[in-house]
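Here is a short briefing for a reader meeting this structure for the first time.

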Amino acid sequence: MTDRYAVFGNPIGHSKSPRIHALFAAQTGQDISYQAILADREGFAAAVSAFIAAPGGAARGANVTVPFKEEAFRLATRRTPRAEAAGAVNTLSFEADSIVGDNTDGAGLVRDLKHNLGCDPAGRRVLLLGAGGAARGVILPLLLENPAELVIANRTEETAARLALEFGRLPGCAVMVKPDGTGFPNLAGRAFDLIINATSAGLSDASLPLPASVFAPRCVAYEMVYGRNTPFMLQALASGARVADGLGMLVEQAAEAFFVWRAVRPRTASVLAALRPAS
Ligand code: ATR
C-alpha cells in the first residue's frame, strides 16, 4: 500500500510541498502520497492524530510549516540534535512507538548555498539578519560549516545577543566559531561575504536599516523569502551583491525531509527549474 505523507500549516493553500514531493517520488520511483492539510490554529495535534488514524496506506511522516513548528517540536516524542538546536520541527516521522521530530531547514539552506549557488560558507564572513524562529533554525548548520565569523544582527539587539550567547556554548558541540549578536547600527563599517536575511521584514515590504558597507565585493545576499523582490534584495542588488531568494532552500529542505523518510536523496535541479517562474 502507498505510504502517506502530508504537510500541515495554516494557511496551507499555496504550499508548494505537495508538488515538490510528487516530483521527487516520480523521479525516485517511490510509492508515496503527499497532501496539504489545513489544521485549525488550536487543532494541530488533533489533525496529526486524525491523519495517522485515517484509512489507507500507513502514515509515515509529515512536514510542518507556519505556525506549527514549535508545537510539532513539543508533539515529537524524540528529537534530532538539529531539531533541538532549532527549537522547532519541520519534519515528523511516525514510527511504531514514537514520533521523531527533525528540522531540515538549516540543512536545506546550506545545501542550496553550496550546491546550487556555489557559495560555501566555509571561511566566509557571514551575517545573519534576524533572531526569530527562521534565524534560529539555521544557526547550528551554518556554524558547522566553519565560517570565518557569524554575526547575528537584529532590530531588537538584545534578542540577537541572547541567541549568540546560547549558540556560543552549545553542550557537546565542537563548532569553531562563536557567533556575535548585535544591532543594525553596529554594522557600520563592517563587511560580509554572505548575508542571509532571516527576518520577516520582506513579507511586509519593509526595508532593513543596513549600512552600505556590509556588502563586501562579490557578496552573496540570500533572502529566505521567495516569490517577490524584497527591499533587502533590491538593496543588495544596488550594492553590487549577487542575490538569491529562498526557493532553493524550500526545495532543498524538502529533499532532506524526503531523504529522512525514504533514505533516497532526490536530485533537485529539475524540480527547482520546474518551480521557478519563467522570467
Ligand atoms: P520567523 O519565525 O519568521 O523568524 P519571528 O520569530 O516572528 O518570525 O521573527 C521575525 C524576525 O524578523 C525578528 O528577528 C524580527 O525582529 P525583532 O526581533 O526586532 O522583532 C524581524 N523583523 C520583522 N519585521 C522587521 C522589520 N520591519 N525590520 C527589521 N526586522 C524585522
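D3 and R262 join their side chains in a salt bridge, with N and O 2.8 Å apart. This pair connects distant parts of the chain: D3 sits in strand 1 (residues 3-9) and R262 in helix 9, 259 residues apart. Both D3 and R262 are buried. The model is a predicted one.

**Salt bridges elsewhere**

- Side chains of opposite charge can pair when their charged atoms come close.
- The structure holds 17 salt bridges.
- One of them pairs D180 with R190, whose closest N and O atoms are 3.8 Å apart.
- D180 belongs to strand 9 (residues 180-183), while R190 is in the loop between strand 9 and strand 10 (192-197), so the bridge ties together parts ten residues apart in sequence.
- D180 is partly exposed, at 36% relative accessible area.
- R190 is partly exposed too, at 28%.

**Two domains**

- The protein divides into domain 1 (3-103 + 249-278) and domain 2 (106-245).
- Their centres, taken over C-alpha atoms, lie 25 Å apart.
- Domain 1 brings 15 residues to the contact, and domain 2 brings 16 residues.

**Where the domains meet**

- The size of an interface is often given as the accessible area lost when the parts come together.
- Between domain 1 and domain 2, about 1,300 Å² is buried, and carbon and sulfur atoms give 59% of that area.
- On the domain 1 side, A85, M249 and E252 lose the most area to domain 2. Together these three account for 46% of what that side buries.
- Two salt bridges are counted between the domains.
- Four residue pairs are in polar contact between domain 1 and domain 2.
- Helix 4 (81-86) and helix 9 (247-262) each supply at least two residues to the side of domain 1 that touches domain 2.
- Helix 9 gives the most to that side, with five residues.
- By class, the domain 1 side has five nonpolar, four polar and six charged residues.

**The R276 and D245 pair**

- The side chains of R276 and D245 meet in a salt bridge, 3.1 Å from N to O.
- R276 follows helix 10 (269-275), and D245 lies in the loop between strand 12 (242-244) and helix 9, so the pair ties together parts 31 residues apart in sequence.
- R276 is partly exposed, at 39% relative accessibility.
- D245 counts as buried, at 14%.

Conventions. Residues are numbered from 1 along each chain as its sequence is written. This is a predicted model: local features need pLDDT of at least 70, side-chain atom pairs count only at pLDDT 80 or more; totals for chains, interfaces and linings use all residues. Side-chain values use heavy atoms; hydrogens and water are left out. Domain bounds come from an automatic or database domain assignment. Contact means heavy atoms within 4.5 Å. Buried area is the accessible area (1.4 Å probe) that two parts lose on being put together, summed over both. A salt bridge is a side-chain nitrogen of Lys or Arg within 4 Å of a carboxyl oxygen of Asp or Glu. A polar contact is a pair of N or O atoms within 3.5 Å; within protein, one must be able to donate a hydrogen and the other to accept it, and residues adjacent in sequence count only if both atoms are side-chain atoms. Helices (H or I, at least four residues) and strands (E, at least two) are DSSP runs, numbered from the N terminus. Ala, Val, Leu, Ile, Met, Phe, Trp, Tyr, Cys and Pro count as nonpolar, Asp, Glu, Lys and Arg as charged, and the others, Gly among them, as polar. Buried means under 20% relative accessible area, exposed over 50%, partly exposed in between (1.4 Å probe, protein chains only).
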